[in-house]
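Me: I have a structure open and want to learn to read it feature by feature. Where do we start?

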Amino acid sequence: KEVERDFALLAEQRSKITSPKRALFVLSVQNGRAVIGGLGTSADAMLKLAGAENVAAGAQGYKPLADEAGVELAPDAIVTMQHGRTGPPSEGIATVKALAASPALQNHRVIEMNGLYLLGFGPRCARAARELMIALYPELNQKRASSSE
C-alpha cells in the first residue's frame, strides 16, 4: 500500500509539469569520455518517471557519447550516480568536452544520486523518482509546501 501511495503521489506531481526538462543520464566518465543511458535502460525509465525527456532516447542501451552528439543533445540537466570522490558533482562531467557547452554544465545543473537507489527499481523506486523530480523541478516542492499550509 505504501508503494502504491508513493507512485500515486509521483503521478500527481508529474501531472503538474508543464514543460519537461531535457535530461541526460551519464553512467560513467573515463578519460573525458561519457557513457550515457539511452532508450530501454533503467536510466531512461527513471528519467521518464521523474517527468523528464531523455535527450539520449535516440540511442539504444548504454552507449559512449560521441563528441558531436553532445552539442546536439543540449541537456538542461545531467543526472549521474554518486562516485567515491570529493568535489562538486559537475567535476567529472566537466572533463567531457562534448558536454562542456551544454546548458546543464553552463547552469551547474548536474544531479548526483546513489546508483542503487536511483536505478535499483526496488520498493523505493517512486521515492527515488520523486527525489529526482524535485531536483529537476524545485518549483514543484515549493508548490507542494505552499499548498499544504
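Predicted model: local features only at pLDDT ≥ 70, side-chain atom pairs only at ≥ 80, totals over all residues.

Reply: Start with one residue. Thr80 is found in strand β5.

Reply: Compare relative accessibility with a cut-off: under 20% counts as buried. Thr80 has 4%, so it is buried.

Me: Which residues does Thr80 touch, leaving out those up to four places away in sequence?

Reply: Skipping close sequence neighbours shows what the fold brings together. Thr80 touches Phe25, Val26, Ile93, Val110, Ile111, Glu112 and Met113.

Me: Now the whole chain. How many helices and strands does it have?

Reply: Count the elements, then read their order. The protein chain has 8 helices and 6 strands. From the N terminus the order is α-β-β-α-β-β-α-β-α-α-β-α-α-α.

Me: What share of the residues is buried?

Reply: Of the 149 residues in the protein chain, 40% count as buried. Sequence separation is the next thing to read. Take the contacts with a separation of 6 or more: 73% of them join residues 24 or more positions apart.

Me: Where is confidence lowest, and where is it highest?

Reply: Mean pLDDT for the protein chain is 89, and 90% of its residues reach 70 or more. Helix α8 (residues 138-147) has the lowest confidence, with a mean of 67. Strand β3 (residues 53-54) has the highest, at 98.

Me: How do I read a nonpolar core? Which residues touch the most other members of the largest one?

Reply: The largest nonpolar core has 26 residues, and Phe25, Leu118, Leu132 and Leu136 touch the most other members. The elements giving two or more residues to this core are β1 (22-30), α2, β5, β6 (110-113), α6 (115-119) and α7 (125-136). The most comes from α7, with 7 residues. Apart from this core lies another, of 16 residues, among them Val55, Ile93, Leu99 and Ala104.

Me: What is Phe25 in contact with, beyond four places in sequence?

Reply: Its list includes Val35, Ile36 and Gly37, then Ala43 and Leu47. Tyr62, Val79, Thr80 and Met81 are also in contact with Phe25, as are Leu118 and Leu119.

Me: Next, helix packing. At what angle do α1 and α7 pack?

Reply: Take angle, axis distance and handedness in turn. Helix α1 (residues 2-14) and α7 pack at about 25°, with their axes 8 Å apart. That angle makes α1 roughly parallel to α7. Their crossing is left-handed. On the α1 side, the contact is made by Glu2, Asp6, Phe7, Leu9, Leu10, Gln13 and Arg14. On the α7 side, Cys125, Ala126, Arg127, Ala129, Arg130, Met133 and Ile134 make it.

Me: And how do α2 and α7 cross: which angle, which hand?

Reply: Their axes come within 8 Å and cross at roughly 65°. That makes α2 roughly perpendicular to α7. The crossing is right-handed. Met46, Leu47 and Leu49 of α2 meet Cys125, Ala128, Ala129, Leu132 and Met133 of α7.

Me: Let me try loops. Where does Thr41 lie?

Reply: Thr41 lies in the loop between β2 (33-37) and α2 (42-49). A relative accessible area of 7% makes Thr41 buried. Beyond four places in sequence, Thr41 is in contact with Gly61 and Tyr62.

Me: What about His83: where is it found?

Reply: His83 is found in the loop between β5 (77-81) and α4 (90-93). Its relative accessibility is 39%, so His83 counts as partly exposed. His83 touches Leu27 and Glu112, leaving out residues up to four places away.

Conventions
Residues numbered from 1 in each chain as written. Heavy atoms only, no water. Helix = DSSP H or I, 4+ residues; strand = E, 2+ residues; numbered from the N terminus. Buried < 20%, exposed > 50% of the residue type's maximum accessible area, 1.4 Å probe, protein only. Contact = heavy atoms within 4.5 Å. pLDDT = per-residue confidence, 0-100. Core = buried A, V, L, I, M, F, W, Y, C linked by side-chain atoms within 4.5 Å. Axes fitted to C-alpha atoms, helices over the stretch in contact; angles between N-to-C directions. Parallel < 35°, antiparallel > 145°, perpendicular 65-115°, else oblique. Left-handed = near helix turned anticlockwise from the far one by under 90°.
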